[in-house]
Amino acid sequence: MRIDLISLFPEFVAQLASHGVVGRAQERGLLALHGWNPRDCAEGSYRRVDDRPFGGGPGMVMLIDPIRACIQAARGAGPVTTKVTYLSPQGRPLTQAMVRELASRERLLLLCGRYEGVDERLIAAEVDEEISIGDYVLSGGELAAAVVIDAVARLQEGVLNDAESAAQDSFENGLLDCPHYTRPVEHPLGDVPAVLMSGNHAEIDRWRRQQSLGRTWLRRPDLIDEASLSRTDRQLLDAFRIAGEEPAKAAKP
Ligand code: 9D3
């Protein structure tokens with residue numbers, strides 16, 4: 001996959017994408033990231049990329065032409081056509097289903113705004129879709145782009161090893177993950193649940209499924225409503241509710 005990124009801070013995103021799974025995807029040639037800076041496409045000795053908003057008010061608005069020049073340059077630099085994706089607070093909230101669809105494309109062109117955003121005429125003429133990463137305020141689209149890049153990179157064929165396999169992920173099956181433990185078995189903070197030491201893999205799978213169901217029910221009841229639970233799942237969850245067992249606390253969404 002080729003990702004073109006238009007940003008006033010393309011090195012910032014490139015830096016974030018140079019470590020871990022995404023870095024490995026690039027090293028293996030499964031992902032190529034190309035940055036484009038509107039400042040480099042801006043005219044004049046000042047190389048302006050923003051100006052004051054018509055109608056007044058605080059903040060600045062990104063100019064049409066430097067971004068448009070970047071879009072044309074990026075389009076021309078890649079092998080196939082591409083949609084233009086604008087990371088913006090007004091976008092559709094990102095989900096794993098959207099990530100899967102984005103990951104299936106040959107190319108992405110991600111546009112990051114700074115200040116109050118980009119001139120609406122640029123959005124109307126050039127942007128195909130707008131994506132938000134959630135209902136909180138960032139200072140710009142760069143971290144959102146890094147989130148999209150991370151999420152799509154790990155779905156590229158050959159990026160994850162068996163241990164990291166995406167199939168088992170929370171959100172791929174619509175439930176939260178079960179708790180995990182490692183050595184030592186006994187610790188002042190508590191002991192590892194006995195079932196995990198039993199060697200009985202059917203029992204362990206059942207327990208993990210039950211923990212997944214139980215924590216999803218406790219922490220994300222919205223996901224339980226969406227999930228289509230089997231009869232066995234229902235029984236496991238009922239038993240969890242009756243036991244009143246609550247795993248370690250996490251912040252409620
Ligand atoms: C203080 C600025 N706000 C005026 C009421 C509006 C505003 C403009 C630009 C708020 C945030 C931003 C910058 N954010 C993004 O570019 C962004 C974003 C986000 O803030 N939250 C979630 N997803 C995204 S994707 C891009």
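View 1. Taken over C-alpha atoms, the centres of domain 1 and domain 2 are separated by 38 Å. Domain 1 covers residues 2–153 and domain 2 covers 168–243; such bounds come from an automatic or database domain assignment. This is a predicted model, where local features need pLDDT of at least 70 and side-chain atom pairs count only at pLDDT 80 or more, while totals for chains, interfaces and linings use all residues. Residues are numbered from 1 along each chain as its sequence is written, and side-chain values use heavy atoms, with hydrogens and water left out.

**View 2. The whole chain.** The protein chain has 10 helices and seven strands. Helices (H or I, at least four residues) and strands (E, at least two) are DSSP runs, numbered from the N terminus. The C-alpha trace spans about 70 × 45 × 40 Å along its principal axes. Its radius of gyration is 23 Å, whereas a compact globule of 253 residues would have one near 18 Å. That radius is taken over C-alpha atoms, and the globule rule is 2.2 Å times the number of residues to the power 0.38. Of the 253 residues, 40% count as buried.

**View 3. Leu111 in strand β6.** Strand β6 runs over residues 107–112 and holds Leu111. Leu111 counts as buried because its relative accessibility is 0%. Buried means under 20% relative accessible area, exposed means over 50%, and partly exposed lies in between (1.4 Å probe, protein chains only). Neighbours within four places in sequence aside, Leu111 is in contact with Ile6, Ile67, Thr85, Tyr86, Leu87, Leu122 and Val127. Contact means heavy atoms within 4.5 Å. Val127 is 16 residues from Leu111 in sequence, and their C-alpha atoms are 8.7 Å apart.

**View 4. Arg47, a positive phi.** Arg47 is not a glycine, yet has a positive phi of about 50 degrees. Look for Arg47 in the loop between α3 (38–41) and β3 (50–51). With a relative accessible area of 37%, Arg47 is partly exposed.

View 5. The loop between β6 and α6 (120–126) contains Tyr115. Tyr115 also has a positive phi, about 55 degrees, although it is not a glycine. Its relative accessible area is 40%, so Tyr115 is partly exposed.

**View 6. A cis peptide bond at Pro184.** The bond from Arg183 to Pro184 is cis, with omega near 0 degrees. Pro184 sits in the loop between α7 (142–153) and α8 (201–219).
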